[in-house]
Amino acid sequence: MSQNRPISSFIEKHYLHFNAAALVDAAKGYKKHLAEGKKMMVTLAGAMSTGELGISFAEMIRQDKVHIISCTGANLEEDIMNLVAHSHYRRIPNYRDLTPEQEWELLGNHLNRVTDTCIPEEEAFRRLQAHLFKVWKDAEDNGERLFPHEFMFRMINSGDLKQYYEIDPKNSWMIAAAEKNMPMVVPGWEDSTMGNIFASYVLTGELKASTMKSGIEYMVWLADWYTENAGTEGIGFFQIGGGIAGDFPICVVPMLHQDLERDNVPFWSYFCQISDSTTSYGSYSGAVPNEKITWGKLSIETPKYIVESDATIVAPLIFAYVLEW
């Protein structure tokens, strides 16, 4: 086994069939896509930031293996929460055994549970709240309107959070993204913790809703970005999980084709989804890639992969393979 790329060598030797083989095929397809000079979007759903995907994803960003990100509001903020409050997180391996009374006790201790990990409200949410409010308010006072991720980038790049860092900053994908001013869309940001907090300031009259750019504005921005960056070959689409983080951006291609009636707009030119959802009961998140052909998102020629497995296991392995680890 190669000492220079031990993880990749292990995967190539042992991952030969079924979901394991699909993982290798998708990883090889990802590398081929980049080698051909094409760009890649990565979409983050679920609780990947709290799962500390940043350990591998930040390096993907630094090495230009990803060129645009779509993520939920939760993933946007939870990477920063882990950055500033890691030592206060509490892991509960026996979470399946908790009674409702024990869950209530966690609430009373301001510990919000995500599967086996509790995010500490005071050290995570409230620590960021004061700094974010200042960024929001300063922008509003200056007549600025920004996207949710741009406010986060501004807060990170100010250096105000460095006093709180509790992990190696190289393991924060948001720091890596902020340093590159990574193109990003955050659809449905309003349902995140910081989105709720922003709404509370609107309700009290301390901020205006218009200070935060909207989801429609994200879609309009994405349409322009895709048009400028897709060339004739198209952009790749690497989807972790399901939900709005993937559903929102993938629609930009059929919108350009069908609603704007533009010609020569390339389809997404690589597609991979890691999901544990199934196709039964009309699940869109579990739909096989071929279904997306009928919606004008993928072409017949688009390389298509689906790894039906746990993204917290699969995504770091694929990233390790792309990074030659």
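What is the volume of the largest pocket? I get about 380 Å³ for the largest pocket.

Housekeeping before I go on. I'm working on a predicted model, where local features need pLDDT of at least 70, side-chain atom pairs count only at pLDDT 80 or more, and totals for chains, interfaces and linings use all residues. Residues are numbered from 1 along each chain as its sequence is written, and side-chain values use heavy atoms, with hydrogens and water left out.

**Entry: largest pocket.** My search ran on a 1 Å grid over the protein atoms alone; a pocket is an open set of points where a 1.4 Å probe fits, with protein on both sides within 12 Å along at least five of seven lines, and a lining residue has an atom within 4 Å of a point. Points are joined across faces, edges and corners, and the volume is the space filled by probe spheres set on them. For the largest pocket I listed 22 lining residues, with Gly46, Ala47, Met48, Asp310 and Thr312 closest to its centre. Strand β8 (270-275) and helix α13 (311-322) each put at least two residues into that lining; helices (H or I, at least four residues) and strands (E, at least two) are DSSP runs numbered from the N terminus. I sorted the lining into seven nonpolar, 12 polar and three charged residues. My classes: Ala, Val, Leu, Ile, Met, Phe, Trp, Tyr, Cys and Pro are nonpolar, Asp, Glu, Lys and Arg charged, and the others, Gly among them, polar.

**Entry: second largest pocket.** This one holds about 170 Å³. It has 16 lining residues, and Trp189, Glu190, Phe198, Met212 and Lys213 are the closest to its centre. I found α9 (193-204) and α10 (215-229) each giving at least two residues, with α9 taking the largest share at four. By class I have 10 nonpolar, four polar and two charged.

**Entry: Val185.** I found Val185 in strand β6 (residues 184-185).

**Entry: helix α4.** I checked α4 (residues 73-85): its 13 residues reach 18 Å from first C-alpha to last, close to the 18 Å expected at 1.5 Å a residue. The expected span is 1.5 Å times one less than the number of residues. I count 12 of the 13 as buried, including Gly73, Leu76, Glu77, Glu78 and Asp79.

How values were computed. Buried means under 20% relative accessible area, exposed over 50%, partly exposed in between (1.4 Å probe, protein chains only).
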